[in-house]
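Q: Please take a close look at a single part of this model. The sequence and structure come first.

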2 protein chains.
Amino acid sequence: MDRPATQRVRVKRVNELARYDRDTLDAILAAMPMCHVGYVFDGRPYVTPTLQWRIGDHIYWHGSAASRMLEAVEGQPVCLTVSLFDGLVLARSAFNFTVNYRSAMLLGTARVVAEPAEKTEALQALMEILVAGHWDQLRPMRSQELKATTVVSMPIEEFSIKLRDGHTIDDDEDYTFPVWAGLVPIRTVMGAPEADPRNLEGVVAPPGLAGFGVG
Amino acid sequence: MDRPATQRVRVKRVNELARYDRDTLDAILAAMPMCHVGYVFDGRPYVTPTLQWRIGDHIYWHGSAASRMLEAVEGQPVCLTVSLFDGLVLARSAFNFTVNYRSAMLLGTARVVAEPAEKTEALQALMEILVAGHWDQLRPMRSQELKATTVVSMPIEEFSIKLRDGHTIDDDEDYTFPVWAGLVPIRTVMGAPEADPRNLEGVVAPPGLAGFGVG
């Protein structure tokens, strides 16, 4: 389901880098669970990192119920941005030096997920993304733990995507300038799991550590 | 130079993860050039990714002079956040599942760097961080290119740092629960440079691609 870009989210600066389709959005959200959420608090902006995940046409994020940001977010406008830094692009001039990246910005109104069943389902979906099949292996969640976790959601309605990939683009007359140009890829990779020293004998690392698109 | 945490930036939720010292801040800023800058625009928050860099006690970021965010930012409150996602921390319960990360949040008032010499010096400092020694190898910057680039700065005064590292911390009674726990490290790494197909013969990749702390 693609949506027309609203005026608020339409990327004005470099149209060739803008996208507004759900497939590209969903791929970016799946590739990087870390996001940055912007709130307005006493008229000032605050940007905090957290994990995001998508269920259908809603995006979720969460944190401790003791967080002063999250406790005040119900009904407030938020901006949730997910970015991947994909590489340096060295050009023949500093001006054409750039980076490859993928970034999605979602605007909306935050809703705190209060109903325990919906909250549990949302947290289970996050776990499924990070470590598929792992939820049922864990010590079951207690009701006071659920209360101590704030889950926030907003519908995926207004969003814009900016991305750049590919090689250097230099001014025509600069291609004869004798300096190296090219890409330096940057990747986010998962290392080998490191077992907790207190693990019981015989437990094995979960097979569902799929890397959620990284590496 | 350490500064006392102001009320606005004091981390309230998990004090053992909070830091307020400049050495830790400077290390985070050096390890990850990508940042997320939060602005308030018509009363709503916007969070956009860009590159940040530090010169002494000021932080800088930049973008196209055509950016509607950057053109309106002079004198406005901003929040600049830099985060590194360092790993998944699998626990024996979903509640104690967490991530390792380093994140710095800087608050301040944005100032557009207007003076051409200061702007040039700032851009040169960014290049020096990304590719040491490379600035003088490039086709020199033209005055209209300098005009087309907006550089924004703020003093490093109010900031807070949150980070987590190390192993799983589970509830005492959960250590006998038979499920794997441990770390899954996540790293940002630079790949091998890929030369532009249009490079002149004989040019070589700059030796100063130091990886700015990644990898």
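How many of the 12 residues of strand 3 (residues 44-55) of chain B are buried, and what encloses the strand?

A: This is a predicted model, in which local features need pLDDT of at least 70 and side-chain atom pairs count only at pLDDT 80 or more, while totals for chains, interfaces and linings use all residues. Residues are numbered from 1 along each chain as its sequence is written, chains are lettered from A and ligands numbered from 1 in the order in which they are written, and side-chain values use heavy atoms, with hydrogens and water left out.

Nine of the 12 residues of strand 3 of chain B are buried, so the strand is largely enclosed by the rest of the structure. Buried means under 20% relative accessible area, exposed over 50%, and partly exposed in between (1.4 Å probe, protein chains only). Strands (E, at least two residues) and helices (H or I, at least four) are DSSP runs, numbered from the N terminus.

B:F41 stands opposite B:R44 of strand 3. Two residues lie between the strands of this hairpin, and B:D42 takes a positive phi near 55° there.

Strand 3 of chain B also pairs with strand 4 (residues 58-64) of chain B, again antiparallel, over four bridges. Here B:W53 has B:Y60 in strand 4 as its bridge partner. The hairpin of strands 3 and 4 of chain B likewise has two residues between the strands, and B:G56 has a positive phi near 60°. In a regular strand the side chains alternate between the two faces of the sheet.

The other chain comes in next. In all, 97 residues of chain B are in contact with 97 residues of chain A, where contact means heavy atoms within 4.5 Å. The area buried between the two chains is about 8,200 Å², with 66% of it from carbon and sulfur atoms; buried area is the accessible area (1.4 Å probe) that two parts lose on being put together, summed over both. The rule finds 12 salt bridges across the interface of chain B and chain A, each a side-chain nitrogen of Lys or Arg within 4 Å of a carboxyl oxygen of Asp or Glu. The side chains of B:R92 and A:D196 meet in a salt bridge at 3.2 Å, N to O. Strand 3 of chain B is among the elements that each supply at least two residues of the side of chain B that touches chain A, and strand 2 of chain B is another.

Key:
Two strands pair if DSSP finds at least two bridges between them.
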